[in-house]
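Let's take a look at this one together. Have the sequence and the 3D view open side by side as you read.

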Amino acid sequence: MTSINISKKEIYIIIDIVFSILFIIIFLPFFYNNSINHLTNSEVISKVIQVMIFSIIFFTTTYALLEIKFKRKIIKDERDYLISSKTYKLSYLIYNICLFWIIGHYLDGNSFKNNGLEFDDSIIFILLIVITGVSIVKSSYQLYLYRTS
Amino acid sequence: MKLKNSIKEKRQKRSLTQQELADLVGVSRQTIISIERYRYKPSLELGLKMAHVLELDINKLFYLDLENINIIKPIEKTEPTIGSKKFQDFKKKDWESLWNNLKK
């Protein structure tokens, strides 16, 4: 049986993907609920604090474990910059499309209230979906490029 | 047209590992692997660094795969001719026979 040889950089990318998936599973249902039931500000703030604490604990533990496992320092070279530029280009394109879609969604709906554009609570949920979705796509593409190019 | 290289062969000749070569030129081991497998085309700077480390001329380290190359040849300058070549040939060879035929 052959083992898959994974570099430290690739593990960093996998950690990012895992974090995004965990965020979707654990926290997004709350924000979806908020978009329908209009929860109070204190509930939302406490959730945001939970997200921050979760992220700090997740990244410190995973990065610490990674540093213990792989002692060699990561060298960034021209190939890394090339892959980064390709992935950021893709994520920028997706962000643009999503933002235009969101703007269109709000202009098309009955969001013009009291002579102004008023966003409801669903905007937080939609933006979080876009951010996590783009993050997953970007990291997956980055991983694909690291494995194939 | 594909840019190929003989880094693996030259590196093994000098009994260097991928990691050692990577450290010498200041890149990661994955970059050396990608270059050796022709997946990644290095910059001129990195190519020159590798050639310097392996003490070789860059032309011996990197080369073009000329099997599927389409070289566009430069247009040859020819002196202008009056009329087409076919007409000229006709004039030379066939005028006499035509004239003879007409005489008959």
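Two residues are in contact if their C-beta atoms, placed from the backbone, lie within 7 Å. Keep in mind that what you see is a predicted model.

If you set aside its neighbours within four places in sequence, B:Leu54 is in contact with B:Lys10, B:Arg11, B:Arg14 and B:Leu61. Is B:Leu54 buried or exposed? It counts as buried, because it has 21 C-beta neighbours inside 10 Å, and 20 or more is what a buried residue needs. B:Leu54 and B:Leu21 are 33 residues apart in sequence, yet their C-alpha atoms are 8.8 Å apart in space.

B:Leu21 also turns up where two helices of chain B meet. Helix H2 (residues 18–25) and helix H3 (residues 29–36) of chain B pack with their axes 8 Å apart, at an angle of about 110 degrees. That angle makes H2(B) roughly perpendicular to H3(B), because 65 to 115 degrees counts as such. Here's who makes the contact:

| Helix | Residues in the contact |
|---|---|
| H2(B) | B:Gln18, B:Gln19, B:Leu21, B:Ala22 |
| H3(B) | B:Arg29, B:Thr31, B:Ile32, B:Ile33 |

Sorted by class, this contact has 4 nonpolar, 3 polar and 1 charged residues.

Now for the two chains. Here, 6 residues of chain A are in contact with 9 residues of chain B. On the chain A side, the residues touching chain B split into 1 nonpolar, 2 polar and 3 charged.

Methods:
Residues are numbered from 1 along each chain as its sequence is written. Chains are lettered from A and ligands numbered from 1 in the order in which they are written. This is a predicted model: local features need pLDDT of at least 70, side-chain atom pairs count only at pLDDT 80 or more; totals for chains, interfaces and linings use all residues. Ala, Val, Leu, Ile, Met, Phe, Trp, Tyr, Cys and Pro count as nonpolar, Asp, Glu, Lys and Arg as charged, and the others, Gly among them, as polar. Axes are lines fitted to C-alpha atoms, for helices over the stretch in contact, and angles run from 0 to 180 degrees between N-to-C directions. Helices (H or I, at least four residues) and strands (E, at least two) are DSSP runs, numbered from the N terminus. Angles under 35 degrees count as roughly parallel, over 145 as roughly antiparallel, 65 to 115 as roughly perpendicular and the rest as oblique. A residue is buried if 20 or more other C-beta atoms lie within 10 Å of its own, exposed if 12 or fewer, and partly exposed in between; C-beta atoms are placed from the backbone.
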